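Q: Could we go through this model together? I would like to begin with the overall picture and then turn to the details.

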Amino acid sequence: MSGQSITDRITAAQHSVTGSAVSKIVCKATTHEIMGPKKKHLDYLIHCTNEMNVNIPQLADSLFERTTSTSWVVVFKSLITTHHLMVYGNERFIQYLASRNTLFNLSNFLDKSGLQGYDMSTFIRRYSRYLNEKAVSYRQVAFDFTKVKRGVDGVMRTMNTEKLLKTIPIIQNQMDALLDFNVNANELTNGVINAAFMLLFKDSIRLFAAYNEGIINLLEKYFDMKKVQCKEGLDIYKKFLTRMTRISEFLKVAEQVGIDRGDIPDLSQAPSSLLDALEQHLASLEGKKVKDSTAASRASTLSNAVSSLANTGMSFTKVDEREKQAALEEEQARLKALKEQRLKELSKRPSFATTDTSPVSTTAACISTAPMESDLFDLQTNFQSSMQPRPSVATAWGGETLLNTYSGLVLILACFHSDIHWNQPGERKLTGGMNWQPKTAPSTTWNPVSMVQLYFILIKFMMTQPTMMYTQPVMRPSNPFGSVSSAQVQSLQTFMYVMLFL
């Protein structure tokens, strides 16, 4: 089955009608298409988690609702979308998931529609268990291990002994749930499970880096711990060695499916002599006979082990920084592409205004687009050409030119060059009875003069007005509100006569 199903389209249409944009995008991100959720839909949902007016419980409930589907594709993509928002979305999304008593109840999920459904159902059950464990871990420690600060002054390196012994087992449980996904390279056969594996791969790197730093802190404090604490610490370290072997196998699968070797960290195991030193120290605290070992040899063994684990941590940090740099470059490339697209759209947009924004040029542009007769269009063209060579000639009055004022009037009249009929409605009266008859309201019809005659009259009128020459075209009278000259008054009176004639 490929492409969006009819059910997907109907569900998206229903959310469009109800006005729920978030639920609509959730539906589009979890369609029946056998491919990972589209990036544009994931980016939109990430943006929603950062908006304060978006209801996070509603967003999460929309994802939970999609996991009730009987199709393994829809359920798997719902889990992937949830995981993506937990990693890259606002922290309040994972906070809400951690506050819920239950998340995904998919331990018995099985799609019996086909052989592929049987195979993918197994990974859906494992994947949902990891997401549940990830939310529980956040609830227990109030932070995400994959986002915690690392380094010498990191969270796991600066914990005290009591808190450290309680925190490392939580990391171990989350790491176990991740490694229990247990997929082989030949089982990554479609885009859906590949998308889930990539998210698990990135989580494994960050999670094991925090795990590794917790073990370094544990080893540095081990020889100063009490007997009970040393016993717990030794058990934690043995489990760490087992998980280091399993994470190595997980990273080999990542290399087989085509992940760049530079994105896969190198693991350096601590020397086996360290485990012997830890066991001998615990035995000495319990009063058992052990081999005599000097403090110098014990310190040397511890130093070598810490150095090896620190190299592993550096390898994980380099991979993480490389991923961040790649994400930054991708974001810059997207911004550049959007900028170029915007400039291209602006360049294709039709422009009706030129650099000369005077009323004359605006009038000419508007008149040229209005419907008119051929002789009128030629007359208007001649009028433009006669005005262009004299940009510095104007008849000043009140800070504006009479020429520009007349041109604006010409524009208004040109837009109504056809015969205009004004129908004035009569007074409405309440009437009734048997003798009622509808009355037609009187109408007034105005037949203007020919537009060609109007142009000749106005052009002749404007060309005969007294003009003033300015040495600079942009200069204006110093006092635009001063007294009006007799020539200007005469021009205005003449113009009024022309209008009365019309």
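**Overall fold and details**

A: Among contacts in the protein between residues at least 6 apart in sequence, 78% join residues at least 24 apart. Please note that this is a predicted model.

Q: How many helices and strands are there in the secondary structure?

A: The protein has 17 helices and 6 strands.

Q: And what share of the residues is buried?

A: Of the 502 residues in the protein, 41% are buried.

Q: Which residues of the largest nonpolar core touch the most other members?

A: They are Phe76, Phe93, Leu97, Tyr127, Ile215 and Phe250, in a core of 96 residues. Helix α9 (residues 191–222) gives the most to this core, with 17 residues.

Q: Take Phe93, then. What is it in contact with, leaving aside neighbours within four places in sequence?

A: Phe93 is in contact with Thr49, Ile56, Leu59, Ala60, Leu63, Thr82, Leu85 and Met86, once those neighbours are left aside.

Q: Now to helix packing. At what angle do the axes of α3 and α5 cross?

A: The axes of helix α3 (residues 39–49) and helix α5 (residues 72–88) cross at roughly 50° and come within 10 Å. That angle makes α3 oblique to α5.

Q: Is that crossing left-handed or right-handed?

A: The crossing in which α3 passes α5 is right-handed.

Q: Which residues make the contact?

A: From α3 there are Leu42, Leu45, Ile46 and Thr49, and from α5 there are Thr81, His84, Leu85 and Tyr88. By class, the contact of α3 with α5 comprises 5 nonpolar residues, 3 polar residues and no charged ones. Two of these names have come up already: Thr49 and Leu85 are also among the residues in contact with Phe93.

Q: What about α10 and α11: at what angle do their axes cross?

A: Helix α10 (residues 227–256) and helix α11 (residues 272–285) have axes that cross at roughly 160° and come within 10 Å. The two helices are therefore roughly antiparallel to each other.

Q: Which hand does the crossing have there, left or right?

A: The crossing of α10 with α11 is left-handed. On the α10 side the contact is made by Lys227, Cys230, Lys231, Leu234, Tyr237, Lys238 and Leu241, and on the α11 side by Leu274, Leu275, Leu278, Glu279, His281, Leu282 and Leu285.

Q: How do those residues divide by class?

A: The contact of α10 with α11 has 9 nonpolar residues, 1 polar residue and 4 charged residues.

Q: A change of topic: is Ser62 buried or exposed?

A: Ser62 is buried, because its relative accessible area is 10%, and under 20% counts as buried. Ser62 lies in helix α4 (residues 56–66).

Q: And what does Ser62 touch, not counting residues up to four places away in sequence?

A: With those residues not counted, Ser62 touches Ser23 and Val26.

Q: Last topic, the backbone. Which residue has a positive phi of about 65°?

A: That is Ala142, which is not a glycine. Ala142 is found in the loop between α7 (115–141) and α8 (161–179).

Q: Does Ala142 count as buried or exposed?

A: Ala142 counts as exposed, because its relative accessibility is 54% and the cut-off for exposed is over 50%.

Q: Where does Asn182 lie?

A: Asn182 lies in the loop between α8 and α9. The phi of Asn182, a residue other than glycine, is also positive, near 50°.

Conventions
Residues are numbered from 1 along each chain as its sequence is written. This is a predicted model: local features need pLDDT of at least 70, side-chain atom pairs count only at pLDDT 80 or more; totals for chains, interfaces and linings use all residues. Side-chain values use heavy atoms; hydrogens and water are left out. Axes are lines fitted to C-alpha atoms, for helices over the stretch in contact, and angles run from 0 to 180 degrees between N-to-C directions. Helices (H or I, at least four residues) and strands (E, at least two) are DSSP runs, numbered from the N terminus. Angles under 35 degrees count as roughly parallel, over 145 as roughly antiparallel, 65 to 115 as roughly perpendicular and the rest as oblique. A crossing is left-handed if the near helix is turned anticlockwise from the far one by less than a right angle, and right-handed if clockwise. Contact means heavy atoms within 4.5 Å. Ala, Val, Leu, Ile, Met, Phe, Trp, Tyr, Cys and Pro count as nonpolar, Asp, Glu, Lys and Arg as charged, and the others, Gly among them, as polar. A nonpolar core is a set of buried Ala, Val, Leu, Ile, Met, Phe, Trp, Tyr and Cys residues joined through side-chain atoms within 4.5 Å. Buried means under 20% relative accessible area, exposed over 50%, partly exposed in between (1.4 Å probe, protein chains only).
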